Every structure is written in C-alpha cells, then in structure tokens.
Amino acid sequence: MKKHNTHQRFARRGSIWATASALSLLLPAASAWADGQIKFKIVDAKNGAVLPGATIVIKAGPRDLDDIQFNTAANGLVTTGDLDSGERTYKITAIVNGISYKELTGKIAVVDNQTIEVELKLEPKGEIVFDTKARVLRIDITDPSVYTSRDREHLQFFPNGVGNRQSLSKALRSVPGMVPNSQNRLHPRGESDNGTFYIDGFQLPSLLSGRAAQILTPDMLESIKVRTGNLAANFGGGSTILETSLRPAIGAAKSPLAPNFEYAVGGEEYGGTSQTFTFSRQLGTHMDTSGKAVTNPDSRAGYVLSYSRRDTDNFLESPQPQRQMSNNNGTSESLLGKFSYRINEKTEASAFVGSSGARNGVANRQGLSSSFINRGQGYGFGGNSNATDFPRVSFQDGTNFAASQEILGNNVRQSDNHSFYALQLNRTFTSKLKGTISIGGADTRQDTTNRNVLGYPLTTGAAYSTSTLPANYSIEYNPNTTLNFTQSQVQADFNYGDSDSQHAYKFGVIAQDLKGNEAYQFTPMSQAAANAVTALPYVGNSLRANADNTTSPSMLIRRTGGYSAFYLQDTYTATKQLRLNVGVRVENFSQDQSIRFAASDPRASYDTKRSESMVSPRMNALYLFPKGLIKSLGKDQPMVLRFGYNRVVTTPGIGQGAIGLGQTGTTPLPVAAQTNDQLDFSVEQQLRGQTIRLSSFNKDLKNAHGWQQMIQGPQAGAFSMVNQGDATVNGFEMLYELKPRSLDQQPGALDAISAGLSGYVSYTSSNAKRRALAGGGMVPQEFDQQQTVNVGAGYQLRDQSQLALTYYHGSGLRSSVTALGGTRAPIDQLDLRLRARPRLISNLHTIEFGVENVTNSRNALNFAQGAAATGTTSLGGTRFQQGRRLVLTLLGKF
C-alpha cells in the first residue's frame, strides 16, 4: 500500500490519473488552495480494477462536527474537500458488484496549499454481500439550510420528464414542495415563482414566465441544490434557491486539443426528435502514442460546451385531452459554455455564457366533450361557449359548423429568446480572506405574433370593421405582443475565517440595473373580445380600435429601475453539536413605469414609480445528535434538527410588470416587492443505507406575487405579474431515500449508480390561501396543490443495465376545476425508463427506451373556461396533460 506520493509521480501513471489531476483545475480558487486536499484512487489489489463507490471516512479534525465521508466515482477517484493541515486518519470500505473488500485504515499528512495524491489497494474478502452496515454519512450535518440535492446521475436515472430530456422543472418533481404546472412553470412551496437560479455562485437574473425555452437542462449540470428553507443571508431573489454547479472540464483526451464528447440522440412520438451534445476538455494533459500521460504545467485552462435541441408536434400542453397536435409544433434549443483559466495558485478566472430559444405554435381549441358543458366546450371567446349554444357558422364552401379555432384556421405563434453571461474572478487574498467577484447580465425577449387574415374569409367573407363585429367568434384576437428586458449585474462575495476560529463570516454586495420594454396590440375579432379589452383597468378604453375601425393601437410600456443588496452573516460553531447561522440582508428595489399609446392616438398615459427598502433578518440553527435520538432507528446513525426564521424579499421581473390589475387608485403603480416571513422546522435521520427527512414550514406573504393573463381566457395571452395582497402558506414535507447520494461531491466525481435497488418517496401537503381582492376572506391560491406525491424506484444489474419507474400524483391546482361546484382534477402520471447494458463500441454506448405517462392520463392542469364563475383567474388558458409518449435514445461517449 502506497500512503504518500508526490504530484509529479502520479501525473505519470497514465490516462486515468491524468484525468483526476485535471479535475482539480476547475475547482474555485477560494476552496481549492486553502488548507489542503487529498486525492484518493482506490483499486482492487488482485487485478488493479478501479473500485467505484468505495467509502472513505476521515476522522474529524478540530473544526469538524463529525467524521467526514467521501465516495469514489465510477473511475475509482475522489478528491476531498478542504481539510485542516496535519496528520489525518482514514478508513476505507467497499462493496462493489456484491463483492465485499477488507477494511483498510491508515494515516496521511495534509499539507497547506497542496493536494496529496494517494493510490490504495483493497483486498477482496471473497464473499458476496448485498448490504452494508458500515456507517456512511449521507446527511449534511453542517449546513443549517433545508435543501434537497440532486446530481446528474440521479436526474438521468429516475425518469421524471423522460419524454422531454431538456426539462429541468419535470426532473425536479422528486424534490419535496416542487409543484410543476403547464408551460414550464414551477410552484415551490405554494408560491407562484419558478425559483432563483445561482450558477456557480452567480445569481442569474430573472427571466420571463410562460417561456417555452429551457434555460438550463439536466445534462448541463453537475448537481443542483434546491434550497427551500432556512436561507442564509447570501441568497437573494426569492424563497426558493436553485443552486447549480455546471459540469467540469475533463482531461486525458487522445491529443492535446481533442475534446471529450458525450451525446444523446433520440426519436419520440408526435414526430419528435432530440439531440444533446457535450464537449469538454481540460487543456494541458493528453496521452502520447505510447499511452503515457503528458502534462504541460503551464497550461491551466479548460472548457465545457453543451448543446441541446428538441422538435415535436406536441410541444406544450394542449387545450383539449385529444387531438393535441393542432398548431402545437415547436422547437427548443439551449446552448451553454463554461471556460476556466487558473492564473496562479491563488487566482482563477472563469466565464460562462448561455443562450436558449423556442419557437412554437399556440395550440388551437377544437371543442371538448359534453362533460364540459357547464363550463364551456371551447367555442367562442375564452372557450366559454358550447357546441349546442354557439351560433353555427355557414362557410363559403356551403358547409355549416359550430366553428372552433381549428376549423377557422387560427394560427398564432410564440417565440422567446434568452441569453446570459458572467465573468468571475476567484481570489485567495490571505489565509483568512477569500472572495469571488462576478460581472454579468441577461437579455430576454418574448414575442406573440399571428398569421391570421384580418377578416372573415372562411365564413361571411366580410371585411374587418369594429362597427360590424360578430357577437362571438372562436378566434379571439389577432395579437401582437413583445416583452423584452435587459439586466446588468455586479456581484461580490467574500469569506473570512480560518481553521482555528469558531466563526466563519461571509459578506457581499450585488447591484443590478434593469430596463424593460413591452408592446401590446390586441385586434379583437368579436364584440365579446372587444368588451374584454375595454374592461381592462386604467388602459382598456385606450386599446379600442382607431378611428378607421380596422386597426387597434399599440400600448407601449417602458420600465427602468434597479436592485441592490448588502449582506453580512456569521456561521458560528458553538459546540460540536450546535451550529448557528445569523445574518442580515439590506435590499433596495426601484422601478419607474411609463405607459404610452401610439403617437397618432392622443389618449391616456401614465408615469408612475415605486421605490422600496427592506431589511431582512436571517436566523437559522442546526443541532446534531451524532448517534441519533431514537436508538431503534439505527445504531450510531446521526440525526439533525434544523429550525429558523427568515425574511425573504422577492422582487418582480421588471420586463413583466402589471398595468394595474388588482390595484385601486387613479394610476397603475408598478408591482411591489413581495416579502415573506418564514418559519422552518426540520428533522433528518440517517438510517442504514437510507435517510428520512420531515419538514414543516409557515409563510406569511405581504404583497404576494402571482401570474395571470392580462386578458382572461384566451390561449394566447400576455402574462402579467400582479400583487395578490396578503397570503399564507402552511405545509408539511417528507423525503425518504434509499441509497441516497453522496454529499458535496467533487467536480467530475459523481457517485456511480450502484447495482441493486434505489428509490425515494417525496410527499408534500400544503395549504396556500390569499385574501380576496375585494377585501373578503381568505381563498385558495390558484397555484395551490394541496397534496403532492412523487415515488421513484429503480434497479441496476451488475452489467449496468437499468430499469426505473416514477409515479407522480397531485391533487390538482385550484385552477384545474372543470365543473361548477366540482372538485380539483387530480394529476397522475407514471413514467418508465429502460437502459440496456452498454455493449456498443468499447462498451461506452447504449440504447435507452422511455415511456412518459404510461397510463395515458389526460386530466386538466388549468381550466380557464368559465373561470369567473369559480372565482379563479386564468394562468395560461386551458391546459391538459400531454398524452403517452414513447422515446428511443442512443447515447454514449468518446
């Protein structure tokens, strides 16, 4: 057994070890060169085969609350996090493919600002086992935050969203509190927003709701932590934080410049295809013709490029359960690149840039069955009329129908484009002070256009005139809308502390400059549609047709403003069992709003502004029971209690403010920031090879944010953010995991899915209510789903073939009621993924078969028809579950 080796000796060991050496170059400078690290390579002593999933336990140091555990990746490698310098004791155990290995213990010296590399050989016992009773740390015993971690291996193993490989919102169904909705929307813990992305520590600017494009896809990520409670002061933007780590660059390609290449190419039902490609390279390390690793010590750069595209004729949720491909074709593309360069041992520069876009049709209504008569079968304005009472229309060809949007040839399209970028500098200033400075921004745009003829060529043949509009018509508007905003941002985060201190301080600032422009033009095709425009508060009369009776004016909105924040926090290790995180975040939000109409139409205009300053205290605690509280739950298994109070501010997306919806007064003010006073309590218990977490939370929301259509009813509507007054959310969550993933895995060293059974159960019960706008009592939020269950189970054979299932149940959003006096429409979905043993081309390529919605369930997600009669608002028209989808994918790597 080799206990100590220098970096230079291990750099010459071959391609596998060259890969491990290259991995360290992408670690942020703030962590990679403080204290010391150990790189372990674990192999079989008899045949030299690498051992994935080996458990390495390092005995606790002076500042550690407990022993620290790591697991080797599929290549037998793992790099520890920062360790205090000095001699450390380790213990290694392994069970690989059912073979148990003898325990190995030893000591190794950790040196400041160095990475010690060691290769250790384990002797097989020669016995077959299927479980381990060794204590393996699988819960976080240091972070007071309530979060759920998912890595790429987990997201790709369990088939949540198997029908859309790009969808991160569907993949996150396994996280308690995450309620997916139509049109890529996600409602975390009873709120309307999609969560705030942090990419490698950079707060991603907010993007438009109702977008069809996928900003980040699961294939782009190394891991994601979904933080829903006990948020530290360094996190801003909202009550749910999606903290992502991008994939790292990997070295050891066959030439100095040749990239590593991964791909997934598939075909699916509804005329769909998908392609995902990832290129990565850690420059400066390659293999020569003899197979030896060649390293250029002066080269410290790396890159990752990921591209994804999907085409289908059943793109978004349709307004009817059957015939879902009517004007519902679409394309979505996402591109992400990350580049890294280590300037010296204390400084690293990196950059990432992303771009995504989608082009799709707005699916047409074609008429619903008689079971929907009391809410509307999808004819006329908003789909509120039935086939029996909607006037039948005589067409020019002599036929006579109750004309739906499909029969009339309605053709409305939507496109959205989003881009973001960031430049980062990680610097170790002193042994105590480390920091990251980021400069970035985003640009996001969404357009709705129509390809309809302005007139009635298929029916009466009449020319268009607002003085002779039909009373009702299934084509509601010929809409043209544009929403666009840009955002620039400067962010700085600093850590101060050392290994001898009980205090770890963090402080930072963020400043954003925001600009937004919106343009709306609604040309009504019936009197019912014209009346709905006129009824809009403040501006409805100004959107009536111009004097020529054939054109409608455009409403132009310009917004400017900014957001800034300063935070300070202290993570205090009071004892080996008690850790406190106390901080404060001081925030300011401002917005100027100008509403104008076409220059040729001198009608009403409004200029208003809003400025708010908020102080947000954060107080969180963690208490560790190292050997558990209830011995019957598992011998020597740790348990953690977390509790806290936090005030969290959510600022509105500046390019998507309301024009006075839900407000009172003489002028429409910009949307106010939402404040959330949140209480959290959580208990997490580790079992043998399992974990279970129980959480409860209470939210008291002021100026609660919500999304709705500017004009209620149409499928093609402009989304608007609104303040919905006060609201409360109370909830309970449970997460059980069998073979949970390792904690704080190092870049490039994700846990391999091990042979045997893996699974999880996620359950959420919530009750979200808001105060009625008319000053009445509390009513359920439209996006409140009272019961949510997600169950995943998968089995992997020793040859790496896999079978996994997920089942999702939701009791339904309030907006899913399809009958007057009826109940919510429950959502049930069973997904399946089957992956064959890798056999093709050096056993690095395989075929995967997936089925989304195995039972072909097609219940309503949102039902806007007759919404006023049920006291709800439209969240995006009427939307039903998409039907069963079969997917076949070829995937592999070179």
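This is a predicted model: local features need pLDDT of at least 70, side-chain atom pairs count only at pLDDT 80 or more; totals for chains, interfaces and linings use all residues.
Glu684 forms a salt bridge with Arg642, and the closest N and O atoms of the two are 2.9 Å apart. Arg642 lies in strand E32 (residues 639–650) and Glu684 in strand E33 (residues 674–687), so that the bridge links distant parts of the chain, 42 residues apart. Arg642 is likewise buried, with a relative accessible area of 2%.

Arg647 in strand E32 and Asp677 in strand E33 are 30 residues apart. These two residues form a salt bridge whose closest N and O atoms are 2.9 Å apart. Asp677 is buried at 17% relative accessible area, whereas Arg647, at 28%, counts as partly exposed.

## Other salt bridges

The count of salt bridges comes to 32. One of them joins Glu612 to Arg610, with 4.0 Å between the closest N and O atoms; Glu612 is buried, with a relative accessible area of 17%. Elsewhere, a network of salt bridges links Arg165, Asp219, Arg833, Arg835 and Glu848.

## Paired strands E29, E30 and E31

Strand E29 (residues 555–573) and strand E30 (residues 578–597) run antiparallel and are joined by 19 bridges. A hairpin of four residues connects E29 to E30. Strand E30 also pairs with strand E31 (residues 606–625), again in the antiparallel sense, over 18 bridges.

Asn588 illustrates both pairings. Asn588 in E30 is the bridge partner of Ser564, and Asn588 also stands opposite Ser613 in E31.

Notes:
Residues are numbered from 1 along each chain as its sequence is written. Side-chain values use heavy atoms; hydrogens and water are left out. Two strands pair if DSSP finds at least two bridges between them. Helices (H or I, at least four residues) and strands (E, at least two) are DSSP runs, numbered from the N terminus. A salt bridge is a side-chain nitrogen of Lys or Arg within 4 Å of a carboxyl oxygen of Asp or Glu. Buried means under 20% relative accessible area, exposed over 50%, partly exposed in between (1.4 Å probe, protein chains only).
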